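Welcome, and please open your viewer before reading on. We will go from one selection to the next, with a note on what to look for at each stop.

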Amino acid sequence: MILGLISQLKRWYAIPYLVLCIAVSIQSICHLLGDATFSLSWLGALLAVGPLVLFMSMVYTFPYVRVVRFIATPVVMALLGSVLTVIEMEPLPTFYTLFFGLGGVLVYVFWYTYLDRSDNVLLQKGGQLADFELATLNGEQLSSSSFLGKKVLWVFFRGNWCPMCQAQLADLAKYYEAFGDRGVELVLISPQSPKKSAAQQSRLGVSMPFYVDDGNRAATSLGIVHRHGVPLGMLGYGYDTVLPTVLMTDESGTIIYADLTDNFRIRPRAETIIEALDHVLI
């Protein structure tokens with residue numbers, strides 16, 4: 001119950017918070033340009049809030065794979081802005097700086113990006129991957145057991161709305177042939193509609209196979225469904241999604257690699273997966 005409440009709070013956080021920060025940034029700029037006297041407090045508010053707006057905008061515009069947990073620049077700028085605002089202590093910009101700036105960036109870094117994930121005994125390295133059902137983009141139903149006899153890289157991603165997922169798929173696309181050379185078949189799975197996955201496949205320019213987990217049934221059976229994981233404002237994706245998960249199984253269906261990230265900004269790079277595969281094959 002508590003985890004469900006936390007997930008719902010996170011669902012309501014990102015987009016409304018970004019909109020409020022944009023409004024604060026605009027108001028700060030207006031005061032800095034329009035007021036008769038220069039205000040350190042409004043400068044501090046802009047420095048505290050503006051970099052986070054820029055960061056989140058860049059993430060959604062230019063997707064990339066994050067490999068570090070700590071985002072230094074927004075935190076440092078929020079701290080600098082806080083110092084400037086307390087010099088003059090004007091009530092409104094000080095509130096904006098401490099609440100939306102410093103408070104908001106700390107919430108984003110140390111709370112929002114972390115996934116409510118516990119240990120998953122079903123997906124441990126050396127265990128057997130449980131059987132589950134998928135659908136092709138053409139609607140054909142198939143079982144995961146149909147991939148037995150092949151080495152398979154299973155990539156569960158949240159959807160086209162997730163910039164880190166976009167970056168992860170683009171990274172895998174660069175190494176698609178490298179995986180093929182090692183006899184590994186990629187299986188990219190998302191609860192989003194076939195139309196959305198087909199659009200993603202087209203953008204990548206590589207014929208990587210996408211599959212649909214309708215209603216998150218496979219994710220539920222594997223214990224990786226993310227209730228209320230779709231942020232408010234992402235229309236057409238429902239409420240629930242999947243926790244980002246990367247698995248590799250050998251020909252017998254045994255899990256030989258598992259990455260169950262606890263932070264949605266951190267995904268395994270394709271190079272890392274290939275290195276792990278080569279180590280197993282040696």
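**Before you start**

This is a predicted model, in which local features need pLDDT of at least 70 and side-chain atom pairs count only at pLDDT 80 or more, while totals for chains, interfaces and linings use all residues. Residues are numbered from 1 along each chain as its sequence is written, and side-chain values use heavy atoms, with hydrogens and water left out.

**Stop 1: helix α2**

Select residues 14-34, which form helix α2. Helices (H or I, at least four residues) and strands (E, at least two) are DSSP runs, numbered from the N terminus. Helix α2 has 21 residues and reaches 30 Å from its first C-alpha to its last, close to the 30 Å expected at 1.5 Å a residue; the expected span is 1.5 Å times one less than the number of residues.

Which residues of α2 are buried? They are Ala-14, Tyr-17, Leu-18, Cys-21, Val-24, Ser-25 and Ser-28. These residues cover an arc of only 125° around the axis, so they sit on the same side of α2; the arc is that of the directions from the helix axis to the C-beta atoms. Turn to the other side of α2 and you will find Val-19, Leu-33 and Gly-34 exposed.

**Stop 2: helix α8**

Next, select residues 194-204, helix α8, where Ser-197, Gln-200 and Leu-204 are the buried residues. Looking down the axis of α8, you will see its buried residues fall within an arc of 55°, so they line one face of the helix. On the other side of α8, Lys-195, Ser-202 and Arg-203 are exposed.

**Stop 3**

Select residues 245-249 for strand β8, which is mostly covered, with 5 of its 5 residues buried. Show the side chains: Thr-245, Leu-247 and Thr-249 point one way from β8, and Val-246 and Met-248 point the other way.

Which strands pair with β8? Strands count as paired if DSSP finds at least two bridges between them. Strand β3 (residues 151-156) runs antiparallel to β8 and is joined to it by 5 bridges; within this pairing, Leu-153 has Met-248 as its bridge partner. Strand β9 (residues 255-259) is also antiparallel to β8, with 4 bridges joining the two, and here Leu-247 has Ala-258 as its bridge partner. The hairpin of β8 and β9 has 5 residues between the strands, and in it Gly-253 takes a positive phi near 85°.

**Stop 4: salt bridges**

Side chains of opposite charge can pair when their charged atoms come close. A salt bridge here is a side-chain nitrogen of Lys or Arg within 4 Å of a carboxyl oxygen of Asp or Glu, and by this rule the count comes to 6.

Select Asp-116 and Lys-10, whose side chains meet in a salt bridge at 3.5 Å, N to O. Asp-116 lies in the loop between α5 (91-112) and β1 (133-136) and Lys-10 in helix α1 (residues 2-11), so the pair ties together parts that are 106 residues apart in sequence. Is Lys-10 buried or exposed? Lys-10 is buried, at 9% relative accessible area, while Asp-116 is partly exposed at 26%.

Then pick Arg-182 and Asp-278, a salt bridge of 2.7 Å, N to O. Since Arg-182 is in the loop between α7 (176-181) and β4 (184-190) and Asp-278 is in helix α10 (residues 270-281), this pair links parts that are 96 residues apart in sequence.

Arg-217 and Asp-214 form another salt bridge, with their closest N and O atoms 3.9 Å apart. Arg-217 is exposed at 53% relative accessibility, and Asp-214 is partly exposed at 46%.

**Stop 5: two positive phi values**

Most residues other than glycine have a negative phi, and most peptide bonds are trans. Select Met-89, in the loop between α4 and α5: its phi is positive, near 60°. His-228, in the loop between β6 (225-226) and β7 (241-242), also has a positive phi, of about 60°, although it is not a glycine. His-228 is partly exposed, at 25% relative accessibility.

Technical notes:
Buried means under 20% relative accessible area, exposed over 50%, partly exposed in between (1.4 Å probe, protein chains only).
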